[in-house]
Amino acid sequence: MITVFGSINLDLVVAVPRLPTAGETVNGRDHQTFPGGKGANQALAAQRAGAQVRMVGAVGQDSFAELALENLRASGVDLSGIRSLAGSTGLAFIGIDPSGENQIIVASGTNARVDAGWLEGGFSSSDMLLIQGEVPFAQAARASLLAREAGAPVFWNPAPVPEGDLRTCFEMASIVVVNTSEAVAIADRLGIPGDPESFTERLATSERSIVVTLGADGVLARTEKTRYRYRSPQITAVDTTGAGDAFCGAVASALDRNAAFDRALKEGIAAGALACTVTGAQSSAPHQKDIAHLADQIV
């Protein structure tokens with residue numbers, strides 16, 4: 001069982017001819033609405049990749065709450081850990097250009113009031129905790145501690161990079177996944193080089209694997225003794241919004257069923273690539289059969 005402690009949003013997406021610069025307005029013809037939030041996205045991605053998933057988080061008491069949860073409910077994610085709090089459901093405002101690149105502004109809403117105490121007594125050693133950076137760092141760190149005390153591994157995707165003492169979560173994480181910009185930001189805070197090679201080499205230990213996603217170039221990862229480098233298959237990108245979350249969900253799902261680390265990476269790459277071919281952070285999350293087929297082609 002994977003427990004995701006994270007954000008739940010509703011995404012408002014506008015296709016634009018180009019992404020705006022600071023102070024600029026760019027017109028789009030229309031908008032679409034999708035359930036989102038990095039926590040919810042990764043929960044759905046892991047469920048579709050074959051895992052049993054429990055989502056723990058919060059929505060507001062507003063008209064956006066049910067829309068934000070509809071994909072999770074339809075996919076069979078356990079929603080018993082969702083709290084309905086006074087206030088607004090989280091919202092994300094996303095612009096996407098013709099190449100699939102995006103800009104995102106997030107209004108946290110009730111995501112800012114999640115409580116790791118909701119997880120008390122909720123872990124066993126056969127579970128996995130999956131956390132991101134869109135809920136308060138103190139609560140994510142406390143959730144990590146609760147998981148580790150129960151013997152459950154912690155999968156940490158610090159996106160966006162949170163404020164606070166990052167060493168706390170690094171010490172408790174079994175696997176850390178970041179992209180190149182997040183690696184640079186974290187490295188600057190830790191006083192180490194931020195290039196992917198140095199970052200992974202400096203932070204990988206016998207108890208912690210480090211993964212840096214490289215976009216269309218695939219991934220670089222390290223365990224204490226082994227370096228892994230896989231390239232992404234060629235695809236025609238439509239929307240890259242959900243690629244990172246699809247990667248994390250698929251890797252977590254593979255590790256949860258005790259797949260080898262290299263196989264988990266290949267399934268993550270496959271899921272991320274497939275997610276780029278469909279619009280929407282959740283609607284783009286691929287299913288296990290499609291992930292496995294493409295992963296088999298990655299060497």
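The following legends describe close-up views of a predicted model.

Residues are numbered from 1 along each chain as its sequence is written. In this predicted model, local features need pLDDT of at least 70 and side-chain atom pairs count only at pLDDT 80 or more, while totals for chains, interfaces and linings use all residues; side-chain values use heavy atoms, with hydrogens and water left out.

**Figure 1. Overall dimensions and secondary structure of the protein.** The protein has nine helices and 13 strands (DSSP runs numbered from the N terminus, helices being H or I of at least four residues and strands E of at least two). Its C-alpha trace spans about 50 × 45 × 40 Å along the principal axes.

**Figure 2. The open sheet of four strands.** The strand order is β3-β2-β6-β7, with mixed pairing (two strands pair if DSSP finds at least two bridges between them). Strands β3 (31-36) and β7 (102-107) are at the edges with a single partner strand each, so one side of each lacks a neighbour in the sheet. Neighbouring strands are turned by 20° against each other on average, direction ignored (axes are lines fitted to C-alpha atoms, for helices over the stretch in contact, and angles run from 0 to 180 degrees between N-to-C directions). Helix α2 (residues 65-75) packs on this sheet, where it touches β2 (9-15) and β3, and its direction makes about 65° with that of β3 (contact means heavy atoms within 4.5 Å).

**Figure 3. The hairpin of β6 and β7.** Strand β6 (residues 90-96) pairs with β7 in the antiparallel sense over six bridges. Gly95 has Gln103 of β7 as its bridge partner, and Phe93 stands opposite Ile105 in β7. Five residues lie between the strands of this hairpin, in which Gly100 takes a positive phi near 95°.

**Figure 4. Packing of helices α1 and α2.** Helix α1 (residues 38-48) packs with α2 at an angle of about 20°, the axes being 10 Å apart. The two helices are therefore roughly parallel to each other (angles under 35 degrees count as roughly parallel, over 145 as roughly antiparallel, 65 to 115 as roughly perpendicular and the rest as oblique). Ala40, Ala43, Leu44, Gln47 and Arg48 in α1 meet Asn71, Leu72 and Ser75 in α2. The residues of this contact comprise four nonpolar, three polar and one charged (Ala, Val, Leu, Ile, Met, Phe, Trp, Tyr, Cys and Pro count as nonpolar, Asp, Glu, Lys and Arg as charged, and the others, Gly among them, as polar).

**Figure 5. The open sheet of nine strands.** The order is β5-β4-β1-β8-β9-β10-β11-β12-β13, with mixed pairing. Strands β5 (78-85) and β13 (227-230) stand at the edges, and the twist averages 15° from one strand to the next. Strands β10 (residues 175-179) and β11 (residues 209-213) pair in the parallel sense over five bridges, with Val212 in β11 as the bridge partner of Val178. Helix α5 (residues 180-190) lies across β10 and β11 and runs at about 110° to β10.

**Figure 6. Packing of helices α7 and α8.** Helices α7 (residues 243-256) and α8 (residues 261-275) pack at an angle of about 150°, with their axes 7 Å apart. They are therefore roughly antiparallel to each other. Residues of α7 including Phe247, Val251 and Leu255 belong to the contact, as do residues of α8 including Phe261, Leu265 and Ile269. By class, the contact has 13 nonpolar, two polar and one charged residues.
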